[in-house]
Amino acid sequence: MMSRSEHLFSNQEALIEALSQSILANLQKAIDEKGKASLLVSGGSTPKPLFEKLRKALFDWDKVTVGLCDERWVDTSQEESNEHFVKKYLLQEEAAKAHFIGMYCKDTDIYMAQKVCTQKMKEILSPFDVLILGMGTDAHTASLFPENIKLEEAFDLKNENFCITIEPTTAPYTRMSLTLHAILSAKHIYLHFEGKEKIAVYEEAIGGEDIYTMPIRSVLNQEIKEIEVFYR
Ligand SMILES: O=C(O)[C@H](O)[C@@H](O)[C@H](O)[C@H](O)COP(=O)(O)O
């Protein structure tokens, strides 16, 4: 049976240090095996200090391609864009040498974009080596929001689409999200969250079954892949 491994920290510095070391070690393993690595990251406010740490690491960043777990469908010049966020906080200093493949395609209708994104990700980023998820206090992960009409399709492991459009009813912006199938295809999956409120959400998530009310459960309570939880 696959499991969750939990890494609980008492302060942010120790968490970021351990998480960044673990991520870099797994990227290095991929580079040793196949000469390149892919790193899928999430948006939100939590990853900022992690990105600021990672970007300083002396590493073969030119062998790394960075992609996204989800994107808000706004122009990449806007602060709300995850592409904007990743370019601003991760792809700097040493990590400026990394390659980047975003989800947003300017002149494509978002529903067509599902196909374009899936194709791009399968060709360039897959197999995913390292994937880092976040979690909202409503128990969403990537852009898989609770009680959303698209969740059934997003959770269907026979659905080979990597990307799905979601219109959250509880959060702004139409989104593009990785599907569960895409998330669980990653070799190393991390969940990173911080704060008491999210710890309570996490405890509730691992204690229950309904993945539609708490989408993070689809990742936490499955037996296909191990998930490493870094939290404080
Ligand atoms: O683009 C997004 O919205 C994210 O990828 C999302 O899934 C995020 O990880 C959580 O919302 C947590 O966000 P915070 O770190 O801001 O709480």
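**Exercise 1. State which residues the UniProt domain covers and describe the chain over them.**

Solution. The unreviewed UniProt entry lists "domain: Glucosamine/galactosamine-6-phosphate isomerase" for residues 11-222. UniProt positions follow the numbering used here, feature names are shortened, and annotations may be inferred rather than shown by experiment. Residues are numbered from 1 along each chain as its sequence is written. The model is predicted: local features need pLDDT of at least 70, side-chain atom pairs count only at pLDDT 80 or more, and totals for chains, interfaces and linings use all residues. Over residues 11-222, 37% of the chain is helix and 16% is strand. Helices (H or I, at least four residues) and strands (E, at least two) are DSSP runs, numbered from the N terminus. The end C-alpha atoms of this stretch are 28 Å apart.

**Exercise 2. Decide whether A57 is buried, partly exposed or exposed, and find its surroundings.**

Solution. Step one is location: A57 sits in the loop between α2 (47-54) and β3. Step two is the count. A residue is buried if 20 or more other C-beta atoms lie within 10 Å of its own, exposed if 12 or fewer, and partly exposed in between, with C-beta atoms placed from the backbone. A57 is partly exposed because it has 15 C-beta neighbours inside 10 Å. Step three is contacts, meaning C-beta atoms, placed from the backbone, within 7 Å. Leaving out residues up to four places away in sequence, A57 touches S20, L24 and E94. Q21 is 36 residues from A57 in sequence, and their C-alpha atoms are 9.4 Å apart.

**Exercise 3. Name the buried residues of helix α3 and some elements that cover them.**

Solution. In α3 (residues 82-89), the buried residues are N82, E83, H84, F85 and V86. Their cover includes β2 (37-41), β3 (64-68), β4 (70-72) and β5 (99-100).

**Exercise 4. Work out the order of the three-stranded open sheet and find its edges.**

Solution. Strands of a sheet pair through backbone hydrogen bonds, either parallel or antiparallel. Two strands count as paired if DSSP finds at least two bridges between them. The order here is β4-β8-β7, with antiparallel pairing. β4 and β7 (163-166) are the edges: each has a single partner strand, so one side of each lacks a neighbour in the sheet. On average, neighbouring strands are turned by 20° against each other, direction ignored. Four antiparallel bridges join β7 to β8 (residues 175-178), and T165 stands opposite M176 in β8.

Technical notes:
Two residues are in contact if their C-beta atoms, placed from the backbone, lie within 7 Å. Axes are lines fitted to C-alpha atoms, for helices over the stretch in contact, and angles run from 0 to 180 degrees between N-to-C directions.
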